[in-house]
Amino acid sequence: MRKVRKGDRVKIVSGEDRGKVGKILQVFPEKNRVLVEGVNIVTKHQRPTQAVREPGIVKREAPVHVSNVKVVCPECSVPTRLAVVTVENQKLRRCKQCGATF
Ligand SMILES: [Zn+2]
């Protein structure tokens with residue numbers, strides 16, 4: 001069970017982007033990485049292709065390791081560690097701070 005999901009708000013806890021908060025755009029379970037909106041921006045040199053006619057430099061997010069993010073609890077807004085609990089056969093995350101499940 002992955003503790004992070006697409007759409008979660010997370011806070012970056014290490015690296016250059018420490019302190020930034022963003023939404024998870026994509027999860028890469030096999031790599032334990034997540035793509036977070038506005039975080040870990042890298043510059044890529046784009047070659048013209050069929051899809052992208054404009055060559056040049058583009059800036060885009062690169063995935064960060066899940067150990068570098070903490071999910072921000074939607075209830076208490078505290079970046080927290082999560083416990084995974086099963087409620088009525090549904091796996092939910094529980095905030096260790098306020099006890100809310102989501
Ligand atoms: Zn909470």
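User: What volume does the largest pocket have?

Analyst: About 280 Å³. The volume is the space filled by probe spheres set on grid points, which are joined across faces, edges and corners. A pocket here is an open set of points on a 1 Å grid over the protein atoms alone, where a 1.4 Å probe fits and protein lies on both sides within 12 Å along at least five of seven lines; lining residues have an atom within 4 Å of a point. Before we go on: this is a predicted model, where local features need pLDDT of at least 70 and side-chain atom pairs count only at pLDDT 80 or more, while totals for chains, interfaces and linings use all residues. Residues are numbered from 1 along each chain as its sequence is written, and side-chain values use heavy atoms, with hydrogens and water left out.

User: Which residues lie nearest the centre of the largest pocket?

Analyst: Lys3, Val66, Val69, Arg81 and Leu82, out of twelve lining residues.

User: What makes the four cysteines donors of the zinc ion?

Analyst: Distance. A donor is an N, O or S atom within 2.8 Å of the metal (3.2 Å for Na, K and Ca), and water is not among the atoms, so sites may look incomplete. The SG atoms of Cys73, Cys76, Cys95 and Cys98 lie 2.2 to 2.3 Å from the zinc ion, so they count. Along the sequence, the spacing of these donor residues is C-x2-C-x18-C-x2-C.

User: Why is the site of the zinc ion called tetrahedral?

Analyst: Four donors get that name if all angles lie between 85 and 135 degrees. The angles among the four donor atoms of the zinc ion run from 104 to 113°, so the site is tetrahedral. For reference, the ideal angle for four tetrahedral donors is 109.5 degrees.

User: Why is Cys95 called buried, and what is Cys98 called?

Analyst: Buried means under 20% relative accessible area, exposed over 50%, and partly exposed in between (1.4 Å probe, protein chains only). Cys95 has 2%, so it is buried. Cys98, with 41%, is partly exposed, and Cys76 lands in that class too, at 26%.

User: What makes the phi of Glu88 worth a mention?

Analyst: Phi is positive, about 45°, although Glu88 is not a glycine. Glu88 sits in the loop between β9 (82–87) and β10 (90–95); strands are DSSP E runs of at least two residues, numbered from the N terminus. With a relative accessible area of 78%, Glu88 is exposed. Asn89, in that loop as well, also has a positive phi, near 65°.

Technical notes:
Four donors count as tetrahedral if all angles lie between 85 and 135 degrees; four count as square planar and six as octahedral if opposite donors are over 155 degrees apart and all others between 65 and 115; anything else is irregular. Helices (H or I, at least four residues) and strands (E, at least two) are DSSP runs, numbered from the N terminus.
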